[in-house]
Amino acid sequence: MKAYKPFVWLILFGVFACTLAAQSAPFNPESLQYPLASVDDQFIPYVNPALLGTQHNSDLGFAQIMDKDGWIKQHILFVNAGGSSYVYENRNNTSYHNLSGGFALGNNGILRNIYLGSRYSWQNSSFGKGWWRSGATVRPHNSASMAFVWDNPQSGPPSYRGGISLRPLQWFLPQHGYRLELSGDMGYRKEIDANDPTLREYKLGDAVVGVKTQVLDGLMVGATYNLDSENLMLNFGLRFGKTNLSNIITKTKDGDPIFIPHIGLGDYNYKSFLGLSSRKWYEMKLDKSIVSYKAPSYELGPVKIFDGKTRCIEDLVRELERVAEEPGIEGIVLVNPSFGTSFALMEELVRAFDAFKATGKKVECYYDNISNGGYIFASAIADYIMLNPTGILDLRGFSVTSPYLGEMLDSLGVEVINFRSHKYKSAGNMFSESSMTESERETYEALLDTFYDTALAQIAKGRGDRLQDTPEALVENGPYLMAQEAVDAGLVDKLIYQDQLDEHLKENYGFKGRRKDLHNYLSYNWHIPSESKIAVIYASGNIVMGKGTPGKLIAEESTVNLIRKARKDPSYKGIILRVDSGGGSAQASDIILRELELAQIENNKPVVVSMAGAAASGGYYIACKADKIIAEATTITGSIGVIGIMFNAERMFNKIRVNWSTVKKGRNSDFPSIYRGWSEEEKQRMTDFIEVTYEDFVNKVAAGRQHLSLDEVNEYAQGRVWSGKDALERGLIDELGGMDTAIESMRELAGIKGKIRLVDATTSTKGIRVNMSKGIGLSALDHPLFTALDESYIRLYELWRDYEGQNPLMLSPIQSQDIEF
């Protein structure tokens, strides 16, 4: 509301002034000598409605007309909203109405820089007796804008006018190109013949030249001069925040000057006034779960309900990019940041903070208590880490814990038949075993080595010589239950209470003010460069047959439809598949892979895979033939192998006195069965099925990873799970990195030289989106008892729900959330 107070007061003042104003000859705003091709304030609808299509002029505005004697009974109210506008004008108690609209001719390329628009004006209630002004503008480069308008009056012949505006500095100082504009306009209309007053013919005339400068941001001075009539128009403006205060002075050769003070309040912020802005901290919130793709938690018809406590990593990266560019913000302060995510996504977030700090801006972190993962994150990004004097630093390393149900199921009389291609393919072991096998332990230890080494490297990079011992020794000595121990070890810089944070910021940096919002700045560019569109398809969750909600499941039919739509769209130059999955159905994985191959073969579109927290087993299968595979060092990948989980509950049914009787036509009509034991022939049939599926898996990997032989793929397969770092060393992926690396790989593969625009080809734009946090009832489920149940046993339910009857499976034995840090 504060932002609109100047506007409200000016309207009230204008209304008051009009009551005191003298009756005078009205001034026609259509006669203002603005440059046709570069007018950029509230008067766009009058001068050139085509420029409404730039959508840089969304504002509310008010103008009051004055002459040398004071106020005239004439004022104008502007309501410009995006590509449309309504302007109300009162001239000596006569009402004039103006409806305008403008739009870009296309969405990309030169058509995106061609604008068309029209204005229809009428007086009082005579809507059917109005007149038109139409316009067209072309902006082929940031240095040039060309415009043409034509008027169609209610009576009389039409008139035409063309103009061009240039920004000469754009060629030498492109960042300051907007500071100087030169313009020239020329009219073409019917005029009375000097020799025969009865004759009228079209002639060129009313040549107007102009200049506009903005030597200092927010201080605008412009002038135009009519070479024929010798009319002069001066324009002085102050632009600050979202406010534009201007005054127009227009004078004919022999007449008195007219003054038009006006104000506009828009949606966008102007550049900092005179380049001055107060130094502030941006208080960034990191208190949500960070995921690779945000899916709706519930769908109620057209209403999609999203968890308000979840954020997509790409949104955070974009936020950091905006903060880095925000004038006046000198750093980020994080107060008790606490978020859940995979280590791989945390790596991506740390890199985004590194890019932010590369601009010279700072990052400060304050904690009441610091978790294990929270410290790994803070140590990598923070210039200063502060801890509450009574706080705890829970630094203690990594662990993997898994329940084993084999003995329990055996005691109940349930036999688990765990078909697996190799001993490392242990995703079904939680059902069939009573404890962790040696092959599982070997896998987990290798993964934890990478996670541990990566964490130690981040701590060493961020803390440097402030550490009083090696990072490994300091982790081994944790957790630090007394805050002073953390300071003495060099893990934390200072012990303060939260209310002392401002004092610390002021003392160390000379300023303490904070902001919680970011501004949307007005673009000063005339030309919008061509963009190459890349479709981004998010593949998150378990891989299953059928339909499902993207982000929750990688459902074969739904995912294939997304890929097919993207590959057949000629506007896309390629597809980035963002995978975050531990796999699932072998058949569903194969069908999805086939559709990606068709994108490459039939549509000649490159496919780049960006792996998030996990892309293992089926998740790796759908990625294996991509033109480029990108993963983080701690991405869980590989697990090239196949399993099949079957249950025989014959003994359990005998215990509880449930008897089954069967009538069959066909020897194998009751195969597979849960109520009777499996014959050796049936077991062999399933074993053969697993082996054939595994052979197909390694053959497809060998075909996709052409630099690897089939023997090498077999060596790295066998169900082994690899970290992204280890997978890179074995040639299973191409490069370490996140989405930023995937974008650059796509640029190279598709031969893109200009700007890339990522298009979310996964999320439906239909329906109503609602963000909602947990209510009072649901918050009870945050009790540690229910959390433990969620982490261990609900996953079992999800496995049963998603994969019931879907064998064989390409399923990783470990997911990113299984590693505690």
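Colleague: What gives the most to the lining of the second largest cavity, and with how many residues?

Modeller: In this predicted model, β11 gives the most to that lining, with four residues. β9 (180–192), β10, β11 (219–226) and β12 (232–240) each supply at least two residues there.

Colleague: What makes a space a cavity and not a pocket?

Modeller: A 1.4 Å probe fits inside a cavity but cannot get out, whereas a pocket is an open set of points. The second largest cavity holds about 170 Å³ of space. Its lining has 19 residues, and those nearest its centre are Y34, P35, V211, K212 and G222.

Colleague: How does the lining of the second largest cavity divide into nonpolar, polar and charged residues?

Modeller: Eight are nonpolar, seven polar and four charged. G222 is among the residues nearest the centre, and glycine counts as polar in this scheme.

Colleague: How many cavities of 30 Å³ or more are there?

Modeller: Five cavities reach that cut-off. The largest cavity has about 430 Å³ of space. It is lined by 32 residues, with D40, H56, R239, L522 and S523 closest to its centre. β10 (200–216) and β14 (258–266) each give at least two residues to the lining of the largest cavity, and β14 gives the most, with three. By class, that lining has ten nonpolar, twelve polar and ten charged residues.

Colleague: Let's turn to the helices. Why are α3 and α4 called roughly parallel?

Modeller: Their packing angle is about 10 degrees, with the axes 9 Å apart. Angles under 35 degrees count as roughly parallel, so α3 and α4 are roughly parallel to each other. In the contact, I313, L316, V317, L320, V323 and A324 of α3 meet L345, E348, L349, A352, F353 and F356 of α4. By class, the contact has eleven nonpolar residues, no polar ones and one charged.

Colleague: Which residue is the charged one, and how do you know that?

Modeller: Glu counts as charged, and E348 of α4 is in the contact, so E348 is the charged residue.

Colleague: What makes α4 roughly parallel to α5?

Modeller: α4 and helix α5 (residues 372–381) pack at about 25 degrees, with their axes 9 Å apart. That angle falls under the 35-degree cut-off, which makes α4 roughly parallel to α5. The crossing of these two helices is right-handed. On the α4 side the contact has F343, M346, L349, V350, F353, D354 and K357, and on the α5 side G373, I376, F377, A380 and I381. The classes here are nine nonpolar, one polar and two charged.

Colleague: What is the volume of the second largest pocket?

Modeller: The volume is about 1,600 Å³. Of its 49 lining residues, E314, D315, R318, Y538 and L758 are the closest to the centre. Elements giving two or more residues to this lining include α3 (313–325), α4 (343–357), β27 (531–540) and α12 (556–567).

Colleague: Which element gives the most to the lining of the second largest pocket?

Modeller: α3 does, with nine residues. By class, the lining of this pocket has 19 nonpolar, eight polar and 22 charged residues.

Colleague: Now the backbone. What makes N124 stand out?

Modeller: N124 has a positive phi of about 50 degrees and is not a glycine. Most residues other than glycine have a negative phi. N124 lies in the loop between β5 (114–123) and β6 (131–141).

Colleague: Which peptide bond is cis, and what is its omega?

Modeller: The bond joining G478 and P479 is cis, with omega about 0 degrees. Most peptide bonds are trans. P479 is in the loop between α9 (471–476) and α10 (483–488).

Conventions:
Residues are numbered from 1 along each chain as its sequence is written. This is a predicted model: local features need pLDDT of at least 70, side-chain atom pairs count only at pLDDT 80 or more; totals for chains, interfaces and linings use all residues. Side-chain values use heavy atoms; hydrogens and water are left out. On a 1 Å grid over the protein atoms alone, a cavity is a set of points where a 1.4 Å probe fits but cannot get out, and a pocket is an open set with protein on both sides within 12 Å along at least five of seven lines; lining residues have an atom within 4 Å of a point. Grid points are joined across faces, edges and corners, and a volume is the space filled by probe spheres set on the points. Axes are lines fitted to C-alpha atoms, for helices over the stretch in contact, and angles run from 0 to 180 degrees between N-to-C directions. Angles under 35 degrees count as roughly parallel, over 145 as roughly antiparallel, 65 to 115 as roughly perpendicular and the rest as oblique. A crossing is left-handed if the near helix is turned anticlockwise from the far one by less than a right angle, and right-handed if clockwise. Contact means heavy atoms within 4.5 Å.
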